[in-house]
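User: I have a structure to go through with you. Can we take it topic by topic?

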Amino acid sequence: MTDAPLLTPVLGSLHALQVPIPYPMKYVTVLLDRPAGGPVTMIDCALDTPEARAALEAGLAALGLHWPDVDRLIITHHHPDHYGLAGVVEERSGAQVQMLDVEIGRGERYWHLWEEWLPGHLKHMRDHGLPPESLEGMGADNRRGRERVHPASRVQPLREGQHVELSGQPWEVLWLPGHADGHLGLWNEAEGTLIAGDAILPRISPNVGLYAYTRPDPLGDYLQTLGKLEALNPARAVVGHHGPVMTGVQARARELRDHHHERLDFMKAEAAREPRSAYELSLAMFPRDLNISGRRFALAETLAHVEHLRLLGQLYRTWNEAREVWLYHA
């Protein structure tokens with residue numbers, strides 16, 4: 001049995017549900033909209049675990065709903081804690097699953113081509129210095145994550161600038177890349193309310209990582225997203241973790257931008273001291289003990305920073321034949 005659902009009213013018929021996930025963030029925000037006479041919408045759907053399924057069922061029931069009542073599922077981005085149950089929701093309800101067009105071509109496709117793409121992921125990490133024992137663990141870790149994702153069979157594209165109706169009001173579709181290539185946001189200008197997913201978070205910095213299948217400069221993308229959020233200056237944002245609602249979005253966007261610029265300065269200074277792989281640089285940027293999954297995120301985040309500097313012409317990289325690894329240097 002699950003406890004009473006953690007439901008928070010957001011705006012009119014729109015509610016935020018806190019769904020448990022087995023990650024340090026503890027919960028992911030799923031939005032449920034039950035407007036009078038309109039389509040029932042779910043935004044994000046959590047990882048496929050028994051606990052998440054039970055929490056979603058309880059949240060739906062609290063609004064007088066069941067799985068078959070869901071008409072539409074909008075996904076902010078393809079990461080497993082936001083997309084994992086998409087196929088289950090689709091099967092149980094016949095709901096139309098929607099994502100930003102940019103995310104369908106890469107992020108969502110990743111789950112369908114996972115087996116074919118895994119060797120490329122491992123090579124990408126190996127080429128940037130991840131040790132063999134961590135590579136083995138990464139493969140097993142990825143496989144566990146994949147088992148908790150049930151991709152949808154059909155996904156309809158949403159495009160930046162389109163509008164969708166929630167709680168009887170129009171919301172503009174935004175493209176907020178960085179944390180994921182095709183990260184979607186929904187903006188209600190009249191209410192000053194942003195559905196932000198993981199584009200901005202109150203207590204932690206969203207992971208901005210460079211992976212084998214991502215756009216070449218995710219950090220550059222994210223810095224632009226922070227500028228966009230700063231300009232929008234929402235009165236409040238519904239966020240994926242540590243929420244469900246946060247205020248002070250503009251100030252937080254500036255804080256995160258300063259944080260990334262500090263990291264860029266640190267990386268530049270470290271690479272100037274001696275040529276090093278991105279993995280070695282990640283040990284300098286994230287010196288604390290991390291598990292295999294955490295160390296992979298640290299490497300991907302470090303790579304996003306050094307590649308941003310390389311694309312700006314502020315760092316260079318050279319293939320070291322003896323070590324079979326890319327080395328970054330000034």
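User: How many bridges join strand S12 to S13, and do they run parallel or antiparallel?
Analyst: Two bridges join strand S12 (residues 236–239) to S13, and the strands run antiparallel. Strands are DSSP runs of E with at least two residues, and helices are runs of H or I with at least four, numbered from the N terminus. Two strands pair if DSSP finds at least two bridges between them. This is a predicted model: local features need pLDDT of at least 70, side-chain atom pairs count only at pLDDT 80 or more, and totals for chains, interfaces and linings use all residues. Residues are numbered from 1 along each chain as its sequence is written, and side-chain values use heavy atoms, with hydrogens and water left out.

User: Which residue in S13 does Ala237 stand opposite?
Analyst: Met246.

User: What is the strand order in the open sheet?
Analyst: S8-S9-S10-S11-S12-S13, six strands with mixed pairing. S8 (163–166) and S13 (245–246) are the edge strands. Each has a single partner strand, so one side of each has no neighbour in the sheet.

User: Switching to salt bridges. How many are there?
Analyst: The count is 17. The rule is a side-chain nitrogen of Lys or Arg within 4 Å of a carboxyl oxygen of Asp or Glu.

User: Where do Glu57 and Arg92 lie?
Analyst: Their side chains meet in a salt bridge, 3.2 Å from N to O. Glu57 lies in helix H1 (residues 50–62) and Arg92 in helix H3 (residues 86–93), so the pair ties together parts 35 residues apart in sequence. Glu57 is partly exposed at 37% relative accessibility, and Arg92 is partly exposed at 34%. Buried means under 20% relative accessible area, exposed over 50%, partly exposed in between (1.4 Å probe, protein chains only).

User: And Arg276, buried or exposed?
Analyst: Arg276 is buried, at 10%. Arg276 forms a salt bridge with Glu270, 2.8 Å from N to O. Glu270 is buried too, at 11%.

User: Last topic. Which residues lie nearest the centre of the largest pocket?
Analyst: Asn207, Tyr211, Ser293, Arg296 and Phe297, out of 48 lining residues. Helices giving two or more residues to the lining include H8 (249–273) and H10 (292–311). On a 1 Å grid over the protein atoms alone, a pocket is an open set of points where a 1.4 Å probe fits, with protein on both sides within 12 Å along at least five of seven lines; lining residues have an atom within 4 Å of a point.
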